[in-house]
Amino acid sequence: MRNGALIGGAFWALALVSSFYWGRSQVEKAPDRAIVESKKTANRPVFDSSGRSRQVIISDFESRLSERDDIATHDELWLLADEWAAQEPEAAVAWMNELEFDDLRNPYLFAALSQWALQEPERALAWLNRNRPEQEESELYLKAALIRGMAKGDPEKAIAFLNEQPKSLGRATIDFVLGTWAQGGVLRVLSGISNLPVERAGLRVLAVEKAVAHLTPEMLDEARKYSMTHGSWEERNAFQKAIADRWAQREPKEALGWAEKISNPNVTAIVAKQWARQQPLEASAWLATRRDDPVYDLSARAVAWSVVGIDPQLAFSQVAGMKSKELRLETFEQMGRFWVSDQPVQARQFLEGDNPLPLELREALLLHFK
């Protein structure tokens, strides 16, 4: 029973910490977005807790806590917890630990404990061992805080601690370490990933995929070269797909040229998907020239999803051209069900007329209208 609870708790932590980190890391991951966000908040009063006494900090924190659902107030409280912990980590952590919320998350304890782990990881860990929460989910959440703090100061120490935790918590927190490694460049990132335990192959694959989000455009150019030789085939495939996905969001045609050069159908499909989202008819025109190419099936699957709402006849004809019967039937069904749900009037008219869908599937989809 305990193993089941631990696995469930670890998956809970995976979703929880991943969503937390996504929100906290957008400025680091996307400098161009950071510029936009900074303009939005340019007139917001600067929140400065430096030099305040403990009593003033506590008073200010308590007066704002009831308004923490406001994102600006929440961020200010987070910064206050972090600032206090930078000055008095043990006192800040002890006080934040007394706060009670409706759910199992205490983000301000997370902030304070993370700051303490940056300064004194052993003492922060010892505190958590003495003050283990009753719920395993909360314990995993606070262990993620330790990993975040350790990663900023000593990523190898963070990795050592992470390797002792449930695999899913490692998957949730590897981003913290990647962010620090990325400051040393592509080779530093790949070197760190290569030193992850072989038995955690899934974490290594996830790490190369997630690492791309931390790279600057200049690093991304360099990463393309190393993606041809790094690690196992699974790692190279994940690395190339992540590079292609990010590149194609801005320059799909250039990314497509690289994808075709390295002859990886999975990568070509990723680019085709991004291109089709931006320019579905142009992507369709390119796809028509690849009917006999090994990349066609996965690319057609990617393109057709964006085309179906514009030209369903073209989209389903693209799917009909797939060589793999299993993938063709699966895509027909999934895309058909999506379209029936998204555009029922147009879908019904199309299904009742001449179309490329198999008769059995066509009749099954029409049952939704009876």
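A residue counts as buried when its relative accessible area is under 20%. By that cut-off F332 is buried, because its relative accessible area is 2%. Please keep in mind that this is a predicted model.

First, the overall picture. The protein chain has 22 helices and zero strands. Of its 370 residues, 48% count as buried. Taking the contacts between residues at least 6 apart in sequence, 61% join residues at least 24 apart.

Back to F332, then. What does its ring pair with? The partner is F316: the ring centres are 6.1 Å apart and the planes are at 20°, so this pair is stacked. The cut-off for stacked is under 30 degrees between the planes. F316 sits in helix 19, residues 312–320, and F332 in helix 20, residues 325–342; the two are 16 residues apart, and the pair links distant parts of the chain. F316 is also buried, at a relative accessible area of 1%.

How do helix 19 and helix 20 run, roughly parallel or roughly antiparallel? Their axes come within 9 Å and cross at roughly 160°. Angles over 145 degrees count as roughly antiparallel, so helix 19 is roughly antiparallel to helix 20. The crossing is right-handed. On the helix 19 side the contact involves P312, A315, F316, V319 and A320, and these meet R328, T331, F332, M335, G336 and W339 of helix 20. Sorted by class, that contact has eight nonpolar, two polar and one charged residues.

The structure holds 13 aromatic pairs. One of them is W275 with W286, at 6.2 Å centre to centre and 50° between the planes, which makes it tilted. W275 belongs to helix 16, residues 265–278, and W286 to helix 17, residues 280–288, so the pair ties together parts that are 11 residues apart in sequence. Are these two tryptophans buried or exposed? W275 is buried, with a relative accessible area of 5%, and W286 counts as buried at 9%.

There is also an aromatic cluster, made up of F61, W84, W95, F101 and Y108. Two of those names come up again in the next helix contact, F61 from helix 3 and W95 from helix 5.

So, helix 3 and helix 5. Helix 3 contributes R54, I58, F61 and E62, while helix 5 contributes A91, W95 and M96. By class, the residues of this contact are five nonpolar, no polar and two charged.

Last item: a glutamate. E235 lies in helix 14, residues 233–248. Is E235 buried or exposed? E235 counts as buried, at 4% relative accessibility. Which residues does E235 touch, leaving out those up to four places away in sequence? The contacts are I193, R204, V205, V208 and H230.

That is what I have. Questions, please.

Definitions and conventions
Residues numbered from 1 in each chain as written. Predicted model: local features only at pLDDT ≥ 70, side-chain atom pairs only at ≥ 80, totals over all residues. Heavy atoms only, no water. Contact = heavy atoms within 4.5 Å. Helix = DSSP H or I, 4+ residues; strand = E, 2+ residues; numbered from the N terminus. Nonpolar A, V, L, I, M, F, W, Y, C, P; charged D, E, K, R; others polar. Phe/Tyr/Trp six-rings, centres within 6.5 Å; stacked < 30°, edge-to-face > 60°. Buried < 20%, exposed > 50% of the residue type's maximum accessible area, 1.4 Å probe, protein only. Axes fitted to C-alpha atoms, helices over the stretch in contact; angles between N-to-C directions. Parallel < 35°, antiparallel > 145°, perpendicular 65-115°, else oblique. Left-handed = near helix turned anticlockwise from the far one by under 90°.
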